[in-house]
Amino acid sequence: MTSIVHQGRILAWVLAALCGGATLAAQNTGVTLEREGSTVVLEPYAPNVLRVTMSTLKDEAMSGPGYGVVAKPDAAGWTHETAAAGDTYKSARITVFIAAPVPPQRRPDGSFSRGPRRNFGGFNRGPFMTVTGADGKPLLDMLGWEMGVLNDKDDDSQLNYDRRPEDPQFYQVGATFKSPDDEHYYGLGENQEGYVDHRGHKIECWADYTAAGGASFCVPFLVTNKGYGLLWDNAAKTTILPGFNEQTKWISHVGQRVSFFVVAGATIDEIYAGYRLLTGDTPMLPKGAYGLIQCKQRYTTQAEMLAVAKGYRERHLPIDMLVLDWFYYTKMG
């Protein structure tokens with residue numbers, strides 16, 4: 001009898017542990033909040049890496065990140081507190097605060113100026129959100145977000161012609177962040193504008209083969225001097241306006257949600273380590289790719305190309321690669 005009781009206790013303990021583990025696993029994916037008819041999800045990937053997603057479509061807000069993100073969520077060390085003012089979600093590295101919902105407020109004419117029934121719905125639906133570092137200094141201050149149906153007024157209704165029958169409805173989605181006067185913006189891939197600091201310069205973030213000055217290939221990862229980087233998580237043409245009128249805007253032509261990652265770091269290396277965590281390690285290129293690469297619009301014959309190579313050798317100039325451009329299509333095999 002004692003053995004049966006003992007075994008029963010062990011079984012009960014195992015079941016409790018399994019059930020408790022399931023609960024912890026469910027809670028280990030982040031925090032889901034409801035705000036003014038929209039869903040907001042805070043999903044950590046490390047103590048200094050957080051994904052923020054918001055949408056009027058709950059399924060879209062709850063779904064995983066888009067193309068290129070290989071990391072898995074990890075909420076170890078994160079805690080969530082709710083108060084009258086709003087929700088606080090924090091780790092040892094960063095603290096995120098999202099204000100409580102704003103009740104509707106009417107103007108004298110009866111229209112709504114604030115709250116979930118605000119007129120011109122679709123713009124700035126989202127919460128006021130701040131992100132601060134471990135030292136309490138502000139990293140990122142989100143002023144609002146938008147998710148609007150394509151329309152003639154915004155001159156984007158023609159994009160609906162690109163929608164296939166099986167595609168979900170298209171929306172223009174975007175987010176607006178505060179931009180202090182001393183904040184500077186770097187990164188965003190291969191651009192031909194000639195500016196290292198993008199502040200005050202519009203960036204069209206897509207693969208643009210006809211861009212002025214040469215083809216540009218944008219990587220939607222923006223690094224600032226304020227101790228954080230922002231990775232925009234939406235595979236669509238996106239316009240970035242960094243530091244315009246004390247604001248930075250990200251506007252995607254098409255999407256079903258606003259989704260981005262915040263990576264905090266005491267150094268630029270630490271910020272890029274967070275980016276590497278999310279997107280995976282980059283393999284090293286072949287050794288020859290790190291030397292001098294000679295390329296021009298085209299070489300018309302094999303003899304011409306070999307003569308160029310011979311000229312480098314005769315002058316004892318180091319070269320690792322000669323690029324045979326488009327004549328290889330049909331002329332040279």
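Glu 304 is partly exposed, with a relative accessible area of 26%. Partly exposed sits between two cut-offs: buried is under 20% relative accessible area and exposed is over 50%, with a 1.4 Å probe and protein chains only. Glu 304 forms a salt bridge with Lys 296, and their closest N and O atoms are 3.1 Å apart. A salt bridge here is a side-chain nitrogen of Lys or Arg within 4 Å of a carboxyl oxygen of Asp or Glu. Lys 296 is also partly exposed, at 36%. Elsewhere, salt bridges that share partners join Glu 43, Arg 51, Asp 233 and Arg 257 into one network.

This is a predicted model, in which local features need pLDDT of at least 70, side-chain atom pairs count only at pLDDT 80 or more, and totals for chains, interfaces and linings use all residues. Residues are numbered from 1 along each chain as its sequence is written, and side-chain values use heavy atoms, leaving out hydrogens and water.

Now the whole protein. It has four helices and 22 strands. These are DSSP runs numbered from the N terminus: helices are H or I with at least four residues, strands are E with at least two. Of the 333 residues, 37% count as buried. The accessible surface comes to about 19,300 Å², and 57% of that belongs to carbon and sulfur atoms. Such areas come from the Shrake-Rupley method with a 1.4 Å probe; for residues, only the protein chains shown count as cover. Contacts can also be sorted by sequence separation. Among those with a separation of 6 or more, 60% are between residues 24 or more positions apart. Contact means heavy atoms within 4.5 Å.

Back to the salt bridges. The whole structure holds 13 of them. One joins the side chains of Arg 93 and Glu 270, at 2.7 Å from N to O. Arg 93 lies in the loop between strand E5 (86–90) and strand E6 (94–99), while Glu 270 is in helix H3, so the pair ties together parts 177 residues apart in sequence. Arg 93 is partly exposed at 27%. Glu 270 is partly exposed at 24%. Another salt bridge pairs Lys 202 with Glu 204, at 3.8 Å from N to O. Lys 202 has a relative accessibility of 47% and counts as partly exposed. Glu 204 is partly exposed too, at 33%.

Next, the cysteines. A disulfide is a covalent bond between the sulfur atoms of two cysteines. The rule used here asks for a pair of cysteine sulfur atoms within 2.5 Å. By this rule there is one disulfide. Cys 205 and Cys 218 form it, with their sulfur atoms 1.9 Å apart. Cys 205 is in strand E13 (residues 203–205), and Cys 218 is in the loop between strand E15 (216–217) and strand E16 (221–224), 13 residues apart. The torsion about the S-S bond is about -80°, so this disulfide is left-handed. Cys 205 is buried at 7%. Cys 218 is buried at 17%. Cys 295, by contrast, is partly exposed at 45%.

Thr 176 is another buried residue, at 5%. Its place is strand E11 (residues 171–178). Leaving aside residues up to four places away in sequence, Thr 176 touches Asp 141, Met 142, Leu 143, Gly 144, Gln 247, Thr 248 and Lys 249. With the side chain of Lys 249, the Thr 176 side chain makes a polar contact of 3.1 Å. A polar contact is a pair of N or O atoms within 3.5 Å; within protein, one must be able to donate a hydrogen and the other to accept it, and residues adjacent in sequence count only if both atoms are side-chain atoms.

Now a loop. Most residues other than glycine have a negative phi. Asn 245 has a positive phi, near 50°. Asn 245 lies in the loop between strand E18 (238–244) and strand E19 (247–255), and is exposed at 75%. Glu 246 is in the loop between E18 and E19. Phi of Glu 246 is positive as well, near 65°. Glu 246 is exposed at 51%.

Last, Leu 317. Leu 317 is in the loop between helix H4 (302–314) and strand E22 (321–322). At 36% relative accessibility, Leu 317 is partly exposed. Leu 317 and Leu 292 are 25 residues apart in sequence and 9.6 Å apart in space, C-alpha to C-alpha.
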